[in-house]
Amino acid sequence: MDSAAERLAAERDRTLQRLSDLTQDFESVVSASRDTNADDEHDPEGATIAFERSQIAALARDARKRLDEVESALSRLHDATYGLCETCGGPIAQDRLEARPAARACIRCAT
């Protein structure tokens with residue numbers, strides 16, 4: 001399971017970096033919008049700025065969810081339940097765990 005721990009740690013690091021980058025992007029868009037017309041309805045760039053903020057916020061939510069999934073998988077690894085399907089209790093195929101290290105279900109139960 002050392003390779004699982006390494007994969008999960010690497011995934012956590014990538015996700016934390018992604019979340020940090022998205023947070024910086026969001027702050028940049030918000031900061032840039034302070035210098036523009038606040039009337040999105042009449043400003044041709046207003047809709048674009050609002051869309052960008054919304055898009056970045058959605059990506060950040062996805063990154064936080066992914067981080068929660070990875071943290072949960074690390075907890076399962078620590079509890080010796082990593083690699084067991086949470087639905088049927090059977091083993092999750094190694095290929096699936098390599099592709100999706102935070103997988104909670106075997107392929108049969110996931111579909």
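Reader: What share of the contacts in the protein chain between residues at least 6 apart in sequence joins residues at least 24 apart?

Author: The share is 54%. The model is a predicted one.

Reader: Why is Ala 60 called buried?

Author: Buried means under 20% relative accessible area. Ala 60 has 7% relative accessibility, so Ala 60 counts as buried. Ala 60 sits in helix α2. Beyond its neighbours within four places in sequence, Ala 60 is in contact with Leu 19 and Leu 22. Ala 60 and Asp 21 are 39 residues apart in sequence, and their C-alpha atoms lie 9.2 Å apart in space.

Reader: What is the relative accessible area of Arg 76, and is Arg 76 buried or exposed?

Author: The relative accessible area of Arg 76 is 7%. The limit for buried is under 20%, so Arg 76 is buried. Arg 76 is part of helix α2. With neighbours within four places in sequence left aside, Arg 76 is in contact with Thr 81, Tyr 82, Glu 86, Ala 102, Ala 103 and Arg 104.

Reader: How much of the protein chain counts as buried?

Author: Of its 111 residues, 30% count as buried. The protein chain exposes about 7,300 Å², and carbon and sulfur atoms supply 50% of that area.

Reader: What makes a group of residues a nonpolar core?

Author: The members must be buried residues of the nonpolar kinds, joined through side-chain atoms within 4.5 Å. The largest nonpolar core has 13 residues, and Leu 8, Val 70, Ala 73, Tyr 82, Cys 85, Ile 92 and Leu 97 touch the most other members. Helices α1 (2-34) and α2 (46-78) are the elements that give two or more residues to this core. Helix α2 gives the most, with three residues. Another core, of seven residues, lies apart from it, with Leu 19, Ile 49, Ile 56 and Ala 63 among its members. In soluble globular proteins, nonpolar side chains tend to be buried together.

Reader: How do you know that Glu 11 and Arg 14 form a salt bridge?

Author: A salt bridge needs a side-chain nitrogen of Lys or Arg within 4 Å of a carboxyl oxygen of Asp or Glu. The closest N and O atoms of Glu 11 and Arg 14 are 2.6 Å apart, and the pair forms a salt bridge. Glu 11 and Arg 14 are three residues apart in helix α1, so about one helical turn separates them. Glu 11 has 13% relative accessibility and therefore counts as buried.

Reader: Which parts does the pair of Arg 104 and Glu 86 tie together?

Author: Their side chains meet in a salt bridge, at 3.0 Å from N to O. Arg 104 lies in the loop between α3 (94-99) and α4 (107-110), and Glu 86 in the loop between α2 and α3, so the pair ties together parts that are 18 residues apart in sequence. Arg 104, at 36% relative accessibility, counts as partly exposed. Glu 86, at 45%, also counts as partly exposed. Elsewhere, salt bridges that share partners join Glu 11, Arg 14, Arg 66 and Glu 69 into one network.

Reader: How many salt bridges does the rule give?

Author: The count comes to six salt bridges.

Reader: What about the sulfur of Cys 106?

Author: Its closest cysteine sulfur is in Cys 109, at 3.6 Å, which is too far for a bond. Cys 106 is buried, with a relative accessible area of 10%. A search of the whole structure finds zero disulfides.

Conventions. Residues are numbered from 1 along each chain as its sequence is written. This is a predicted model: local features need pLDDT of at least 70, side-chain atom pairs count only at pLDDT 80 or more; totals for chains, interfaces and linings use all residues. Side-chain values use heavy atoms; hydrogens and water are left out. Buried means under 20% relative accessible area, exposed over 50%, partly exposed in between (1.4 Å probe, protein chains only). Helices (H or I, at least four residues) and strands (E, at least two) are DSSP runs, numbered from the N terminus. Contact means heavy atoms within 4.5 Å. Accessible areas come from the Shrake-Rupley method with a 1.4 Å probe; for residues, only the protein chains shown count as cover. A disulfide is a pair of cysteine sulfur atoms within 2.5 Å.
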